[in-house]
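Trainee: I would like to go through the terms used for this model and see what each one rests on.
Mentor: Then ask about each term in turn.

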Amino acid sequence: MPQWPWLHPAAAAARRTTPSVFRRRRCSSVPASVCASAHSNHAREQEDEKSLVVVGGGAAGVYASIRAKTLAPHLNVVVIEKGKFLSKVRISGGGRCNVTNGHHLEPLGLARNYPRGHKELRGSFFNTHGPRDTMRWFSDHGVELKTEDDGRVFPVTDNSASVVDCLLNEARRLGVSLQAGKSVSSASVNNDGKFVLKVEKRTVDFIDYLNANYVLVATGSSQQGYSFAAQHDHTVIPPVPSLFTFKIADKRLADLSGVTFTKVKAKLMLDSIQKKAPELTQTGPLLVTHWGLSGPVVLRLSAWGARELYQDKYRAKLMVDFIPDIHIEDVKRIIFQHKDQQAKNKVNNSFPTEFGLVKRFWRFLLEQESLDGDMHWATIPKNHLNAIALRLKQWMFEVVGKGQFKDEFVTAGGVPLSEISLSTMESKQQPNLFFAGEVLNVDGVTGGFNFQVRSRNFPKCMDWWVYSRDKHRHIGIQQRSRTVGVFATGSIIRKWMASWQVEDPLNQGFLLADKQCINF
């Protein structure tokens, strides 16, 4: 019997059901020749097996593993997550998890919601897996969805656990190996072109080596993913926070904490941007917090101005129109009419209902204009009324920082999209290496767009993954952008040359191949 339990034949048989090819603890205490021999022997045992290791157990990583197992059932798939699986999904959307956006169904309109990536994604990127596909997938897997007025799509339970449980249960049902509490500390490529990943567990003295034919990096904004990308000759755009709230200089604003506005128009003005930038003007709901301003309109502005705000040390001007549907001249007219109609009433107790304002905000507005709330409307000078109208339409706030959180929820930066093939999500630098999710330099505004791009990133690359179990009968297809490589016996090639149809062993239909795209 071998001295080490991981070399026992029964243990070896068990390992053949997973991508793991060599497992050891404190391998430094084992003679190097024995380690090398065990590694080599077991590698030969798994010579014909195909394996995928997904680094990162967030939305992109878990969904990718499901997609991989669905399209290639014989593929060994393992997902390695250093923390808890789908931890961000659990808290997204205020704990409800907005899975996509139902108001932007066409690819071009959908792509406009990605500050980083909108140019690259406006082609056919979302044709393979758009919002309709996301909604259909969850519905087919037992998660009933609803679309709210602003387009955000939530589970009807209003509980992110519905989404988390669905994804994890489906992954387990398909046979995906989910391994939490571990991290990939390094990765290399051996002479056979396979990846060798060093996996460590922080809580114990544990080292695991995994061999994989394919690796998908879906580590989010973790430094682990950026280091992995750099090891394989990728550049990394320095990540900066995105989707954050604004800290406002005026401390008196804290008196309005909790006040919401269903629709405002806000314009972000930055010293580092002198040219006209339409994206830095947004319309939507606004929320006053005890430290400043939040809500969808602020989060969108923070996303579009993420890098410039970082450069300017999060100092900017924010101009807010609290009644964007009413022209400034009409605002003045309504105020003067109200003065005439409510001349004997105190300004604290009466204000135009057309503006849709709450009393707390109106009184705060009067304080800003140094007006006594006990004054009667008839006594307010004309210049003060004009000033109130102007403030409602062009209230200027000084942004002095961003909301402080332990971890930024979304970041801008990562691996440039120019360094991967958007048709397969495969690295242009390293074959069989894929990227998905926030590790890429692509991020969306609030409203379900970030979850959508994470669930979309990986399906395309799995669509061309076909594994040959019998080299005389089955064909391996590898699609690189527009190139299709066909590997088969001569008789099969001659048969296809007549029809130019490439059979798909996964029964996903037929791929009609142009002669110029076939390489023998």
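Predicted model: local features only at pLDDT ≥ 70, side-chain atom pairs only at ≥ 80, totals over all residues.

Trainee: Why is R173 called exposed?
Mentor: Exposed requires a relative accessible area over 50%. R173 has 59%, so R173 is exposed.

Trainee: What makes E170 count as buried?
Mentor: The limit for buried is under 20%, and E170 stands at 9% relative accessibility, so E170 counts as buried.

Trainee: How do you know that R173 forms a salt bridge with E170?
Mentor: The side-chain nitrogen must lie within 4 Å of a carboxyl oxygen. The closest N and O atoms of R173 and E170 are 2.8 Å apart, so the pair qualifies. Both residues lie in helix α7, 3 residues apart, about one turn of the helix. In an α-helix there are 3.6 residues a turn, so residues three or four places apart point the same way.

Trainee: What makes D325 and K263 a salt bridge, and where do they lie in the chain?
Mentor: Their closest N and O atoms are 3.0 Å apart, against a limit of 4 Å, so they form one. The pair links distant parts of the chain: D325 is in the loop between β17 and α11, and K263 is in strand β14, 62 residues apart.

Trainee: Why is K263 called partly exposed, while D325 is called exposed?
Mentor: K263 has a relative accessible area of 36%, which lies between the 20% and 50% limits, so K263 is partly exposed. D325 is at 62%, over 50%, and therefore counts as exposed.

Trainee: How do you know that the length of α3 agrees with that of a helix?
Mentor: At 1.5 Å a residue, the 13 residues of α3 should span 18 Å, and the end C-alpha atoms are 18 Å apart, so the two agree.

Trainee: What makes α3 mostly covered?
Mentor: In α3, 11 of the 13 residues are buried. Among them are V62, Y63, I66 and L71.

Trainee: Why are β4 and β5 called edge strands?
Mentor: The open sheet has 3 strands in the order β4-β6-β5, with antiparallel pairing. Each of β4 and β5 pairs on one side only.

Trainee: How do you know that β5 pairs with β6?
Mentor: Pairing needs at least two bridges. There are 3 between β5 and β6, so these strands pair, and they run antiparallel. One of the bridges has T147 partnered with V153 in β6.

Terms used:
Residues numbered from 1 in each chain as written. Heavy atoms only, no water. Helix = DSSP H or I, 4+ residues; strand = E, 2+ residues; numbered from the N terminus. Expected span 1.5 Å × (residues − 1). Buried < 20%, exposed > 50% of the residue type's maximum accessible area, 1.4 Å probe, protein only.
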